[in-house]
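Please keep the viewer open as you read.

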Amino acid sequence: MNPLAASTAAIPPLDLTGKGGFASLGPAFFTALQPTPLPQPHWIGVSTDVADLLALDAGWMASDEALQVFTGNARLPGSTPLASVYSGHQFGVWAGQLGDGRAILLGETPGGLEVQLKGSGRTPYSRMGDGRAVLRSSIREFLCSEAMHALGVPTSRALCVTGSPAPVRREEIESAAVVTRVAQSFVRFGHFEHFAARGQVNELRLLADYVIDRYYPACRSTEQPGGNAYAALLQAVSERTATLMAHWQAVGFCHGVMNTDNMSILGLTIDYGPFQFLDAFVPGHVCNHSDTQGRYAYNRQPNVAYWNLFCLAQALLPLIGDEEQAQAALVSYKTVFSDDFMARMRAKLGLTAQRAGDAELIDHILLLLAKNGVDYTIFWRRLSHAVAQNDFEPVRDLFADRAGWDQWLLSYSELLALTDKAVSAHLMLSSNPKFVLRNHLGEQAIRAAKQGDFSELQTLQRLLQHPFDEHPGHDAWADFPPDWASSIEISCSS
């Protein structure tokens with residue numbers, strides 16, 4: 001079943017003839033190779049938003065040619081497929097050379113968007129892997145990429161998922177799938193670590209200059225007496241990463257595997273694997289079953305990102321040339337994170353201006369949510385409606401500690417009284433989503449897809465595309481998770 005309208009209009013397909021992209025760096029950075037074909041491909045899901053972003057015609061996207069291209073079975077004119085090499089720290093330990101073990105970059109559009117296939121076969125960097133992705137993880141990445149974008153979180157995008165009956169061995173035999181990912185760049189912290197660890201300073205400089213010139217040109221303005229473009233780059237990446245962490249923490253998102261090779265140099269959320277949106281607010285929640293030490297727990301994410309930035313600073317040190325200057329470039333991280341996080345939490349509370357008492361109010365409600373195990377998304381959405389309708393009983397019902405809630409509500413009401421209630425309610429309803437990609441919702445879509453039914457995936461995709469809308473008749477997708485949801489285990493095995 002093709003989720004797109006069955007138009008048959010034939011127009012030129014995706015243009016991947018963009019110049020000056022990653023491929024221009026030269027063979028030290030990648031291996032040129034073709035994807036490995038999969039048999040009997042079929043459509044699983046398509047994002048028309050990303051298709052529009054790439055100026056793809058619906059007729060062509062509905063064609064067999066598109067299906068073959070985005071499964072890795074056919075090559076587009078102008079495409080120069082490659083797999084890039086990088087290294088990195090995994091779970092805090094240096095892992096050495098890694099690289100695109102199952103991702104192949106098809107090329108770049110003239111508008112500067114990279115298009116990449118994930119699950120398209122073995123590469124020289126696959127190590128012991130098979131180069132494939134499975135249906136369940138591919139559906140999760142597809143849905144979450146687009147859900148995060150709709151929430152306003154910086155992220156790579158997902159154009160489509162295709163499937164194949166080809167068997168893939170994980171804990172059990174599963175079917176293969178390919179996700180087409182789109183981003184301005186898939187350059188990671190690990191790319192810089194790779195060349196620094198090998199003492200390849202010329203390649204390190206070439207990569208840094210490429211990133212600065214393409215994505216951070218303002219860093220060049222520091223090239224004056226005392227200025228340092230590479231330190232400026234580190235600070236810019238640090239601040240973008242701080243903003244990303246503020247987004248994650250505010251929306252209740254756990255990434256699950258924040259290795260340095262999964263950290264975007266552009267401050268994007270990339271590499272959706274064992275991620276999870278919080279159900280109950282448990283600050284120490286660990287979503288990745290493989291993370292036995294809890295390194296990537298929800299409440300540790302901002303500090304882990306800071307640690308990863310130190311790894312990037314170490315990699316850039318041969319270019320920065322001064323350790324104190326490298327350390328200074330990271331100083332603003334904590335301030336940017338704190339300011340951005342607080343601004344997002346004020347918006348979730350409908351507070352339109354910064355006032356004394358904000359921080360205490362926010363800290364207090366987060367402690368109450370944790371103490372009472374309150375569902376994070378449902379709390380914020382109910383609070384939004386409570387302000388709009390001046391009825392806080394449905395929110396009070398979420399707390400076992402009613403006295404604690406009543407005390408907090410008094411403090412909150414005092415600050416809320418200083419704002420226009422209608423303005424606050426509108427701000428809250430556009431800051432607190434009704435729908436997020438909960439684990440059990442993804443699991444239901446996956447189970448149906450395994451049986452060849454993609455209707456649940458399409459419904460969920462439609463809801464997540466507009467997560468702040470009410471979508472009458474779909475309250476079940478915004479309800480509390482069922483009891484069985486807590487037994488879902490997600491890990492790095494995908």
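How many cavities of 30 Å³ or more does the count come to? By the rule used here, the count comes to four. A cavity is a set of points on a 1 Å grid over the protein atoms alone where a 1.4 Å probe fits but cannot get out, while a pocket is an open set with protein on both sides within 12 Å along at least five of seven lines; lining residues have an atom within 4 Å of a point. Grid points are joined across faces, edges and corners, and a volume is the space filled by probe spheres set on the points.

This is a predicted model, in which local features need pLDDT of at least 70 and side-chain atom pairs count only at pLDDT 80 or more, whereas totals for chains, interfaces and linings use all residues. Residues are numbered from 1 along each chain as its sequence is written, and side-chain values use heavy atoms, with hydrogens and water left out.

**Cavities and a pocket**

Ala, Val, Leu, Ile, Met, Phe, Trp, Tyr, Cys and Pro count as nonpolar, Asp, Glu, Lys and Arg as charged, and the others, Gly among them, as polar.

| Space | Volume | Lining by class |
|---|---|---|
| Largest cavity | About 80 Å³ | six nonpolar, three polar, three charged residues |
| Second largest cavity | About 40 Å³ | three nonpolar, four polar, three charged residues |
| Second largest pocket | About 460 Å³ | four nonpolar, nine polar, nine charged residues |

Among the residues that line the largest cavity are F22, D100, E114, R188 and H191. Two elements, β3 (82-84) and β7 (114-118), each give two or more residues to this lining; helices (H or I, at least four residues) and strands (E, at least two) are DSSP runs, numbered from the N terminus.

The second largest cavity is lined by 10 residues, and K118, A133, S137, S138 and E141 are the closest to its centre. Helix α4 gives the most to that lining, with three residues.

Now to the second largest pocket, with about 460 Å³ of space. Its lining has 22 residues, of which R136, E443, I488, E489 and I490 are the closest to the centre. Both α4 (135-150) and α16 (439-450) supply at least two lining residues, and α16 gives the most, with six. This pocket lies between domain 1 (31-189) and domain 2 (190-342), because both give residues to its lining. The domain bounds come from an automatic or database domain assignment.

**Aromatic contacts**

Rings of Phe, Tyr and Trp (its six-membered ring) pair if their centres lie within 6.5 Å; planes under 30 degrees apart count as stacked, over 60 as edge-to-face and the rest as tilted. The count comes to 24 aromatic pairs. One of them is the tilted pair of F22 and F30, at 6.4 Å centre to centre with 50 degrees between the planes. F22 is buried at 5% relative accessible area, and F30 is buried too, at 14% (buried means under 20%, exposed over 50%, partly exposed in between, with a 1.4 Å probe and protein chains only).

F29 and F195 also form a tilted pair, with 4.7 Å between centres and 55 degrees between planes.

Elsewhere, ring pairs link F281, Y298, Y376, F379, W380, F399, W405, W408 and Y412 into a cluster.

Finally, two arginines sit over rings. R295 lies over the face of W307, at 4.7 Å from the ring centre, and R447 lies over that of W484, at 4.8 Å. The rule asks for NZ of Lys or CZ of Arg within 6 Å of the ring centre and within 35 degrees of the ring normal.
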